Amino acid sequence: MGKGFGYAKTILLGEHFVVYGLPAIGAALSKKIEIEVTKAPHMKIEAAHADGKLLLGLEAAKKSMKITENFNVKIKSEIPIGSGLGSSAALSVAFVRAVADESKMFITDHEISKHAYESERVFHGVPSGIDNTLATQGGAILFQKTQTGAEITPLKIGRPLNLVIGNTGKKRGSTEDIISAVKARRDKNPEIYNDLFNAEKKMIDSAVTAISSGKIEDLGEFMNINHGLLCSMGVSSRENEMIIYAARDLGALGAKITGAGCGGSCTILAKNEKNAEEIANEIRKLGFIAITSLVQ
Ligand code: PMV
């Protein structure tokens, strides 16, 4: 039997903008997806959410790895699927690691991420690559797409980040569909979108400094501005706002959607561990799912 894992992620700043080549800041969560594979006559996935697309995605990773055997795939997930936490990338990375383990194949993190990206392309069209990078290597990164791939800079975290992930549980469109809807809005108002993009660009360097020097209040402020820009792009929802305002009422330093939005999840930067617990409980009282995660 081969085993593998992939981390869930949150984007602290820059989802959607990253698709257009702007830098984004992401962090891996302590929550994971784990996969066990055993050789089998046909590919079979043991999971409630298994569908034809999932199978096609895993086949793409296998093809990229030049693996022709089939596997029985068992999935164990600590995160909600399809909710802006990079579950598909965590799953793809876990699968690549498990197949490499079962096939006694030596594989580097760079290769794992590259093969997992082929699955991601099946799931999301043209993903930025930030999800498979974080799912593979963990930590926090500054990420920017380039013409040949991506520039990835690991970030120093000056003070641990007490995060709360609030999941709306709202069934949203696919990441691919949400990206297409944003593109259509941008095509309609390119000049206004340029201004939104410039605002995002101006924040990134200061946000990196805030993270590395432990100025978490400043980071929270940038997360709030980022959420405002994302709202302008039409990717928030009533449920996202309920979570965000519940967190802000309890003194959260920053609160925003994370991932593609339109439901899915929100990321909240709490003042400290106690504040994170209070916020998580309040989100649960509203009927949503909440998990806390320390990024350090
Ligand atoms: O919702 P998720 O976990 O699929 O994240 C999507 C993040 C986007 O920036 C919208 C797309 C991408 O590929 O980076």
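**View 1. Overall fold.** The protein comprises nine helices and 10 strands (DSSP runs, H or I of at least four residues for helices and E of at least two for strands, numbered from the N terminus). This is a predicted model, in which local features need pLDDT of at least 70 and side-chain atom pairs count only at pLDDT 80 or more, while totals for chains, interfaces and linings use all residues. Residues are numbered from 1 along each chain as its sequence is written, and side-chain values use heavy atoms, without hydrogens and water. The C-alpha atoms fill a box of roughly 55 × 40 × 35 Å along the principal axes.

**View 2. Residues around the ligand.** Of the 17 residues around the ligand, K9, H16, S128, T175 and A260 come nearest (a residue is near if one of its heavy atoms lies within 4 Å). By class, this shell has seven nonpolar, six polar and four charged residues (Ala, Val, Leu, Ile, Met, Phe, Trp, Tyr, Cys and Pro count as nonpolar, Asp, Glu, Lys and Arg as charged, and the others, Gly among them, as polar).

View 3. A polar side-chain atom of S128 lies 2.6 Å from a ligand oxygen atom (polar contacts are pairs of N or O atoms within 3.5 Å). For H16, a polar backbone atom is 3.0 Å from an oxygen atom of the ligand. In D131, a side-chain N or O atom is 3.4 Å from an oxygen atom of the ligand. The elements giving two or more residues to the shell around the ligand are α4 (130-137) and α5 (175-188).

Methods:
A polar contact is a pair of N or O atoms within 3.5 Å; within protein, one must be able to donate a hydrogen and the other to accept it, and residues adjacent in sequence count only if both atoms are side-chain atoms.
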